[in-house]
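Student: I would like to learn how to read a structure that is new to me. Could we go through it feature by feature?

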Amino acid sequence: MSTAGKLPSEVEGTLIRKSGAWTNPSYGCPPEKRPILEYIEKGVVNIDKPSGPTSHEVAAWVKAILGVHTAGHAGSLDPKVTGLLPTLLGKATLAVPALRLSGKEYICHLKLHRAMPPKLVRQVCEEFTGPIYQMPPIKSAVKRVIRVRTIYYIEVLEIEGTSVLFRVGCEAGTYIRKLCHDIGLALGCGGHMQELRRTKAGPFTEKTLITLHELKDAYVFWKEDGDESELRRVIRPMESAVSHLPKIILRDSAVDAICSGASLAVPGITSLDSNLAKGELIALFTLKGELVALAKAEMTTEEILKASTGIAASPIRVLMEAGTYPKGWTKKERNVQL
């Protein structure tokens with residue numbers, strides 16, 4: 001399958017079954033069937049950010065509309081920039097780093113300072129794919145040192161006079177304003193970013209975008225009429241926010257140990273992605289599809305499939321409450337789930 005024009009989050013691995021397993025329906029619950037209050041507290045909304053407010057202001061409005069204690073967005077957008085602003089709610093905010101570091105896609109209007117031959121514009125834009133060097137702007141939240149960011153693809157959509165419309169897929173932390181400036185320099189005419197819209201963020205696309213007004217209406221329908229359907233449509237389970245990560249599916253007997261901070265040993269695995277790499281961030285799921293924790297892979301897929309013992313992953317952030325599943329381990333096994 002071709003990966004051209006795709007973010008890393010869109011290149012899926014294959015789930016490989018390591019051993020058979022059965023899940024007890026008495027414990028846990030499929031994410032989409034959680035009681036509504038729990039569904040909200042473990043949810044994410046893919047907000048269509050309007051031009052004007054800051055990303056923090058939008059997240060604060062989401063928090064106020066839903067009455068949740070915490071809400072965190074996955075990657076800041078400048079006030080004038082529009083588009084995807086996935087916002088995680090309550091317990092789901094623990095997964096913000098995983099989404100914030102995922103790849104992004106934007107549609108950008110580049111304004112050249114004088115008209116250039118379209119063929120040359122396309123050629124120069126193509127040359128900016130791959131690793132590029134960037135210095136963060138003066139007004140930024142990070143230290144101003146030169147750093148490398150990857151441009152996965154640039155597709156010039158339209159050229160009209162000095163206006164260039166292009167789609168760009170890039171690594172998190174890429175400054176599109178700086179990219180426009182550098183393209184202008186490379187063309188020898190100068191240029192600047194005129195307008196920008198984010199169209200993808202990790203696993204989220206414009207297909208699931210909602211406005212703040214839609215979110216407010218859905219909440220009112222639930223509160224005043226007891227109708228949960230619209231609220232369940234506009235809020236998605238937190239599991240959707242990490243669906244781009246390589247995954248391991250756990251046995252029921254391994255879940256509670258992970259929730260208590262234990263490392264995951266090979267016997268606790270029933271299925272895993274075909275592309276696990278040692279040291280990368282992965283997601284641990286139950287057989288019902290619930291997110292248990294974010295973890296660091298300690299083995300590759302090949303190593304796990306060949307092994308009968310050993311530590312396969314170490315939890316970094318646990319999102320499921322201990323006691324959701326029964327204990328399948330003893331006190332002596334607390335630090336290594338068998």
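Tutor: Let us begin with a word on records: UniProt positions are given in the numbering used here, and annotations may be inferred rather than shown by experiment. Please keep in mind as well that this is a predicted model.

Student: Where does UniProt place the feature "domain: PUA"?

Tutor: The UniProt entry, which is unreviewed, places that feature at residues 246-320. Over residues 246-320 the chain is 19% helix and 43% strand, with the end C-alpha atoms 18 Å apart.

Student: Into which domains is the protein divided?

Tutor: The division gives domain 1, made up of 12-28 + 245-318, and domain 2, which covers 103-201. Between the C-alpha centres of domain 1 and domain 2 there is a distance of 39 Å.

Student: How should I read the buried residues of a helix, and which are buried in helix H4?

Tutor: The general idea is that an α-helix has 3.6 residues a turn, so residues three or four places apart point the same way. In helix H4, residues 118-126, the residues Val 121, Val 124 and Cys 125 are buried. Seen down the axis of H4, these buried residues fall within an arc of 100°, so they line one face of the helix. Their cover includes strands E5, E7 and E8 together with helix H5.

Student: What is the nearest side chain of opposite charge to Arg 147?

Tutor: Arg 147, which is found in strand E7, is buried yet has no salt bridge, and the nearest side chain of opposite charge, Glu 171, is 8.4 Å away. A salt bridge would need a side-chain nitrogen within 4 Å of a carboxyl oxygen. Beyond its neighbours within four places in sequence, Arg 147 is in contact with residues including Tyr 133, Pro 136 and Tyr 175.

Conventions: Residues numbered from 1 in each chain as written. Predicted model: local features only at pLDDT ≥ 70, side-chain atom pairs only at ≥ 80, totals over all residues. Heavy atoms only, no water. Helix = DSSP H or I, 4+ residues; strand = E, 2+ residues; numbered from the N terminus. Buried < 20%, exposed > 50% of the residue type's maximum accessible area, 1.4 Å probe, protein only. Lys, Arg positive; Asp, Glu negative; His and termini not counted. Contact = heavy atoms within 4.5 Å. Domains from an automatic or database assignment. Arc of directions from axis to C-beta.
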